[in-house]
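Reader: I want to learn how to read a structure like this one. Can you take me through it feature by feature?

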Number of protein chains: 2
Amino acid sequence: MGEISSQTKNKVEVCFSPTLFPIYFDNRNCIVVVIDVLRATTAICAAFEDGVAAVIPVATIEEATEYKQKGYVVGAERNAEVIDGFDFGNSPLTFQKGKYKDQTIVLTTTNGTQAIDVAKNAQQVIIGSFYNLDAVCDFIEKEDKDVLLLCAGWKERFNLEDTLFAGAVVEKLAENIRFHDLADSAIAALNLYENAKGNLYQFLGESSHRKRLSNLNLEEDIVCCLTLNQSKLVPILKGNKLEVHKIESPLSAVS
Amino acid sequence: MGEISSQTKNKVEVCFSPTLFPIYFDNRNCIVVVIDVLRATTAICAAFEDGVAAVIPVATIEEATEYKQKGYVVGAERNAEVIDGFDFGNSPLTFQKGKYKDQTIVLTTTNGTQAIDVAKNAQQVIIGSFYNLDAVCDFIEKEDKDVLLLCAGWKERFNLEDTLFAGAVVEKLAENIRFHDLADSAIAALNLYENAKGNLYQFLGESSHRKRLSNLNLEEDIVCCLTLNQSKLVPILKGNKLEVHKIESPLSAVS
């Protein structure tokens with residue numbers, strides 16, 4: 001088949017802050033992957049893996065409170081801590097033993113659910129984390145479109161852990177020549193991931209959010225968030241809800 | 001003397017897009033280093049090295065035109081090309097043999113002068129490029145304050161070359177324990193620079209702006225922009241003008 005022309009390659013780009021999203025979002029037809037590794041998007045993936053029916057992400061505590069008053073199970077986190085009066089925060093370890101199986105839960109977090117809100121008008125918005133890395137890459141490869149990896153960051157600032165996950169996605173996609181049109185941001189994320197992948201935990205040792213979580217005794221959460229491929233499910237935004245992408249291949253079915 | 005406490009360390013942070021500047025600029029007393037390696041800040045450094053008295057950076061072509069009508073020498077570049085009717089663009093090679101010696105020149109560019117405009121209310125704004133890397137680091141060390149490295153990027157997007165220069169500054173500063181409070185963005189820039197420094201030119205081979213300039217036969221400009229320490233001068237913003245920081249040490253005097 002030989003080389004394919006650059007026009008037919010899908011562009012892979014990373015947006016390092018939700019504030020920059022309108023600048024990067026110039027391709028209406030791209031897939032947006034929302035990334036908040038520590039911990040919102042990991043928690044969302046863990047919730048689906050543990051059997052929730054849907055997750056309604058909301059940007060504000062006010063919206064979360066309204067859902068709570070309507071009787072929903074609601075998680076709410078700000079600055080890495082659970083907000084009083086809600087059912088949980090953004091720890092992925094909340095979701096075990098089918099705790100909220102078949103329920104629709106609501107979630108608001110410091111960064112991740114804001115990033116989902118920013119991206120909500122994109123044609124396709126999916127949720128990525130190390131927890132479902134390969135599934136996210138498989139989804140993107142099947143769709144065969146441009147990709148925008150949206151890092152939630154920390155309060156609109158760049159953060160390392162989301163960038164490393166973006167780099168992990170770039171590394172996988174770049175195995176396929178159709179995804180060889182890497183923006184500078186994708187080259188940077190890829191380089192950082194290549195430096196870090198031998199020991200993500202150690203590489204993130206000096207990162208600001210790992211220190212923040214360590215100070216709150218959340219080491220177990222961090223280990224969970226940095227463990228690859230615990231789920232083959234890809235949460236996808238449909239209207240105001242995240243639902244699970246139905247996997248077609250039996251190989252990708254969850255056991 | 002022993003360890004110094006984290007409170008007394010200066011924070012080193014990198015802002016990857018002028019759009020994010022208001023988010024990062026929470027410390028009124030920091031030094032802002034404006035970076036547009038290819039090519040605006042390199043050209044500004046080259047202009048001072050070649051003897052200009054001052055550079056007035058302006059954000060818009062309208063402002064540049066007004067200065068032109070008043071009789072100033074004015075450079076204007078958009079999308080890597082000189083705008084018709086102006087004296088030059090943003091090539092550092094413009095400034096040779098004292099061409100504009102002792103004159104005050106005006107400059108508007110696609111990214112760099114916009115970034116200076118965004119930062120203009122900071123207490124100290126200096127101009128950095130590989131052309132004056134060590135001088136910039138010496139200046140920062142003497143000031144002994146928090147540092148915000150502002151990458152001009154490309155039309156508000158992240159770019160590699162400005163990030164690499166930020167990483168070079170972080171590497172130098174981190175030799176001094178007073179600059180060990182590195183934000184995630186500074187850790188990322190440092191890592192990328194460590195990957196790239198053996199051959200900046202090659203590392204940038206796939207970057208979008210190097211490709212853009214190569215297509216315009218600007219290889220000689222790129223080589224100039226990636227050559228370290230051609231000047232010991234640090235342009236500093238005073239009012240609406242950039243002037244040269246007077247070096248105190250005779251060792252730092254320009255020959």
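Author: Helices (H or I, at least four residues) and strands (E, at least two) are DSSP runs, numbered from the N terminus. With that, a place can be named: Asn229(B) sits in the loop between helix 10 (219-225) and strand 10 (235-238) of chain B. Keep in mind that this is a predicted model.

Reader: What is the mean pLDDT of chain A?

Author: Where pLDDT is low, the predicted coordinates should not be read in detail. Here chain A has a mean pLDDT of 92. In chain A, 93% of the residues reach 70 or more. For the model, ipTM is 0.92 and pTM is 0.93.

Reader: Back to Asn229(B). What is its phi?

Author: Most residues other than glycine have a negative phi, and most peptide bonds are trans. Asn229(B) is not a glycine, yet its phi is positive, about 55°. With 11 C-beta neighbours inside 10 Å, Asn229(B) counts as exposed. Asn79(B) is also no glycine, and its phi is positive at about 50°. Asn79(B) is in the loop between strand 4 (73-78) and strand 5 (81-82) of chain B. It counts as exposed, with 10 C-beta neighbours inside 10 Å.

Reader: Is Asn111(B) buried or exposed?

Author: Count neighbours. A residue is buried if 20 or more other C-beta atoms lie within 10 Å of its own. Asn111(B) has 29 within 10 Å, so Asn111(B) is buried. It lies in the loop between strand 6 (104-108) and helix 4 (112-119) of chain B. Leaving aside residues up to four places away in sequence, Asn111(B) touches Asp36(B), Ala40(B), Ala152(B), Gly153(B), Trp154(B) and Lys155(B). Sequence distance and space are separate things to read. Asn111(B) and Leu38(B) are 73 residues apart in sequence, but 9.7 Å apart in space, C-alpha to C-alpha.

Reader: How many C-beta neighbours does Asp146(A) have inside 10 Å?

Author: It has 20, so Asp146(A) counts as buried. The residue is in the loop between helix 5 (133-143) and strand 8 (147-151) of chain A. Asp146(A) and Lys9(A) are 137 residues apart in sequence and 8.2 Å apart in space, C-alpha to C-alpha.

Reader: Which residues are buried in helix 5 of chain B?

Author: First, the geometry. An α-helix has 3.6 residues a turn, so residues three or four places apart point the same way. In helix 5 (residues 133-143) of chain B, the buried residues are Leu133(B), Ala135(B), Val136(B), Cys137(B), Phe139(B) and Ile140(B). They pack against strand 2 (31-35), strand 7 (124-128), strand 8 (147-151) and helix 6 (160-173) of chain B.

Reader: At roughly what angle do the axes of helix 6 and helix 7 of chain A cross?

Author: Two packed helices are described by the angle between their axes and the distance between the axes. These axes cross at roughly 100° and come within 7 Å. That makes helix 6 of chain A roughly perpendicular to helix 7 of chain A. By class, their contact has 10 nonpolar, two polar and one charged residues.

Reader: Now the two chains. How many residues does each give to the contact?

Author: Chain A gives 23 residues and chain B gives 24 residues. Helix 7 of chain A supplies the most to the side of chain A that touches chain B, with seven residues. By class, that side has 10 nonpolar, nine polar and four charged residues.

Reader: What rotation superposes chain A on chain B?

Author: A rotation of 180°, with 0.0 Å of shift along its axis and an RMSD of 0.0 Å. The two copies are thus related as by a two-fold rotation axis. In chain A, the C-alpha nearest the axis belongs to Leu192(A), 3.4 Å from it.

Reader: Which residues of helix 7 of chain A meet helix 7 of chain B?

Author: Ala188(A), Asn191(A), Leu192(A) and Asn195(A) meet Ala188(B), Asn191(B), Leu192(B) and Asn195(B).

Note on methods:
Residues numbered from 1 in each chain as written. Chains lettered and ligands numbered in written order. Predicted model: local features only at pLDDT ≥ 70, side-chain atom pairs only at ≥ 80, totals over all residues. Contact = placed C-beta atoms within 7 Å. Nonpolar A, V, L, I, M, F, W, Y, C, P; charged D, E, K, R; others polar. Least-squares fit on C-alpha atoms with pLDDT ≥ 70 in both. pLDDT = per-residue confidence, 0-100. Buried ≥ 20, exposed ≤ 12 C-beta atoms within 10 Å, placed from the backbone. Axes fitted to C-alpha atoms, helices over the stretch in contact; angles between N-to-C directions. Parallel < 35°, antiparallel > 145°, perpendicular 65-115°, else oblique.
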